[in-house]
Amino acid sequence: MALSKKLFKISHFALCLWVFFGTTSGQLSANFYARTCPNFRSVITRAVNSAVSSEARMGASLLRLHFHDCFVNGCDASVLLDDTANFTGEKSAGPNSNSLRGFNVIDTIKTQLESQCPGVVSCADILSAAARDSVVALRGPSWNVVFGRRDSTTASQSAANSNLPSPGASLSGLISSFSNQGFTINEMVALSGAHTIGQARCTVFRNRLYNENNINSSFATSLRPNCPSSGGDNNLSPLDASATSFDNRYYNDLINQRGLLHSDQELFNGGSTDAQVRTYSSNAATFSTDFANAMVKMANLNPLTGSSGQVRTNCRRTN
């Protein structure tokens with residue numbers, strides 16, 4: 001009996017340690033909010049489904065927000081911080097200015113979570129969950145998201161300008177940008193498949209329409225009325241032929257020289273990634289699996305955990 005009591009005390013102590021470290025030490029976990037905000041997932045999913053139902057493009061915008069967050073000093077919600085009189089954030093960086101969208105959806109989610117579980121769920125975790133839910137809402141793959149990220153108290157416009165790949169990037173530039181974040185070439189090709197959803201502004205693909213040769217002529221002709229050689233900078237065109245459905249059409253478009261962005265077509269232009277593009281174009285299941293696995297990896301890029309950072313009560317500003 002004495003031994004049983006002793007074992008019980010040890011087990012109880014171990015459980016307490018697990019609860020403590022699982023919720024406060026910063027170890028990312030699928031159950032991080034199980035005790036502190038058990039319904040947070042359903043709040044996020046409902047809000048994302050509502051936003052995407054109202055505007056399919058919002059799914060791509062929320063996925064892109066997560067990507068543009070994680071590639072700049074880790075997944076810490078730095079991209080959400082507004083500029084202040086004493087602070088210049090990432091929203092005004094070249095790749096983000098007049099381009100990033102979805103901040104209002106994140107605000108809505110945060111407001112709802114703050115009413116249920118004040119000061120508990122981080123903005124960085126909201127971004128990670130919203131990205132996954134957005135892809136699922138557009139009939140794409142799901143993946144396991146772990147939680148426990150905390151929010152940064154600063155941001156870096158210069159890092160956003162240098163770390164995020166440009167729509168005019170070369171293949172070597174793309175490989176370098178993704179390699180700097182720890183991704184393989186195949187993972188880069190898989191993550192580029194995010195361009196199977198969403199739209200792009202004329203200003204980022206105009207040069208391709210009028211000055212590049214590796215573009216399908218009828219495709220270019222069809223886009224020019226909406227993207228003239230001057231003017232219409234903010235006119236939109238879909239990134240692939242099925243831009244409201246998460247599928248592998250993007251890779252088929254590349255093979256047919258119908259990539260909208262220069263950086264897209266670089267993936268299939270006689271270089272080292274041609275074979276992977278062909279694989280994904282012919283095997284949607286392989287693409288879905290590889291994309292999901294790469295997203296798991298991306299969501300774990302240098303998160304702030306434990307006592308680092310904070311849990312912002314308003315995602316746009318520090319506490």
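This is a predicted model: local features need pLDDT of at least 70, side-chain atom pairs count only at pLDDT 80 or more; totals for chains, interfaces and linings use all residues.
1. Salt bridges overall. The structure contains twelve salt bridges. As background for this point, side chains that carry opposite charges can pair when their charged atoms come close. The points that follow take up several of these pairs.

2. Asp-133 and Arg-41. These two side chains form a salt bridge, with a distance of 3.7 Å from N to O. Asp-133 belongs to helix α5 (residues 123-137) and Arg-41 to helix α2 (residues 40-54), so the pair ties together parts that are 92 residues apart in sequence. Asp-133 has a relative accessibility of 5%, and therefore counts as buried, because buried means under 20%. Arg-41, at 29%, counts as partly exposed.

3. Arg-206 and Asp-233. In this salt bridge the closest N and O atoms are 2.8 Å apart. Arg-206 is located in helix α9, while Asp-233 is in the loop between α10 and β2 (236-238), so the pair ties together parts that are 27 residues apart in sequence. Arg-206 is buried at 14% relative accessibility, whereas Asp-233 is partly exposed at 37%.

4. Asp-82 and Lys-91. A salt bridge joins Asp-82 to Lys-91, and their closest N and O atoms lie 2.4 Å apart. Asp-82 is partly exposed, with a relative accessibility of 27%; Lys-91 is buried, with a value of 17%. Both residues also belong to a network of salt bridges that links Asp-82, Lys-91, Asp-107 and Arg-316.

5. Glu-212. This residue is placed in the loop between α9 (202-211) and α10 (217-223). Its relative accessible area is 17%, so Glu-212 is buried. The side chain of Glu-212 makes a polar contact with the side chain of Arg-208 at 2.9 Å, and another with the side chain of His-262 at 2.7 Å. When residues up to four places away in sequence are not counted, Glu-212 touches Asn-207 and His-262.

6. In the model, Pro-165 occurs in the loop between α6 (157-163) and α7 (171-179). Which residues are in contact with Pro-165, leaving aside its neighbours within four places in sequence? They are Phe-67, Phe-71, Leu-174, Ser-177 and Phe-178.

Key
Residues are numbered from 1 along each chain as its sequence is written. Side-chain values use heavy atoms; hydrogens and water are left out. Helices (H or I, at least four residues) and strands (E, at least two) are DSSP runs, numbered from the N terminus. Buried means under 20% relative accessible area, exposed over 50%, partly exposed in between (1.4 Å probe, protein chains only). A polar contact is a pair of N or O atoms within 3.5 Å; within protein, one must be able to donate a hydrogen and the other to accept it, and residues adjacent in sequence count only if both atoms are side-chain atoms. Contact means heavy atoms within 4.5 Å. A salt bridge is a side-chain nitrogen of Lys or Arg within 4 Å of a carboxyl oxygen of Asp or Glu.
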